[in-house]
Amino acid sequence: MMWYLTLCLVTLSVSACKYNVKQAMEKKLIVPDVIPIAPKEMLQVYYPSGLKAELGYELTPTQVKDQPSVRWNAELYSFYTLCLTDPDAGQLKEFNHWLVGNIPGADVSVGETLTAYVGSATPPKTGLHRYVFLVYKQPSKLVFDEQHISNRTAENRFKFSIHNFSKKYKLGTPVAGNFYLAQYDDYVPILFHQLGV
């Protein structure tokens with residue numbers, strides 16, 4: 001009887017997570033601004049600062065300056081693409097904060113880093129920006145023709161579209177996602193200097 005109760009609770013919590021991801025992304029217009037369909041699973045995102053992304057909670061640029069660890073229900077012999085994008089960069093459209101492809105299972109450390117991680121660079125007086133994490137299951141290991149971007153430049157990060165990228169490589173609908181909100185703080189000028197802007 002106890003195992004049945006545990007199974008019911010796990011099923012309910014998984015269902016609630018699926019509903020919460022979809023509901024939160026629709027409420028903050030990530031669907032349809034960034035992607036047409038919300039992922040079913042919540043991506044777990046943990047920052048070295050001790051904080052984690054929580055479907056729209058506010059974090060500061062200082063708290064998210066270092067690359068997080070991420071977890072999702074990955075299939076061991078499949079490849080994945082992970083992205084972090086800011087769709088609120090105004091006329092410059094999305095700003096590509098992190099893009100890693102050919103991730104075997106969930107081991108991001110051995111994936112192909114197309115765009116090195118940089119944290120939130122929300123300009124002053126632009127309010128809260130949405131920072132969206134998405135994971136896509138690849139059809140196979142891919143050959144990417146994107147230019148690799150270091151964490152020392154903003155060049156080629158603007159005018160990004162994760163939706164167009166996913167169409168180009170036939171990635172389909174994201175399998176996991178999460179997001180947080182952030183606005184300007186005193187760390188942003190340091191990051192701007194690092195990126196040469």
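Start by selecting F160: with a relative accessible area of 13%, F160 is buried (buried means under 20% relative accessible area, exposed over 50% and partly exposed in between, with a 1.4 Å probe and protein chains only). A quick heads-up: this is a predicted model, where local features need pLDDT of at least 70 and side-chain atom pairs count only at pLDDT 80 or more, while totals for chains, interfaces and linings use all residues. Numbering runs from 1 along each chain as its sequence is written, and side-chain values use heavy atoms, with hydrogens and water left out.

Rings of Phe, Tyr and Trp (its six-membered ring) pair if their centres lie within 6.5 Å; planes under 30 degrees apart are stacked, over 60 edge-to-face, and the rest tilted.

Next stop: the aromatic cluster. Select Y47, Y131, F133 and Y180, which form one cluster.

Then jump to V21, in helix α1 (residues 2-27); helices (H or I, at least four residues) and strands (E, at least two) are DSSP runs, numbered from the N terminus. V21 is buried, at 0% relative accessibility. What does V21 touch, not counting residues up to four places away in sequence? Pick P39, E41, M42, L55 and G177; contact means heavy atoms within 4.5 Å. V21 and L55 are 34 residues apart in sequence, but 6.9 Å apart in space, C-alpha to C-alpha.
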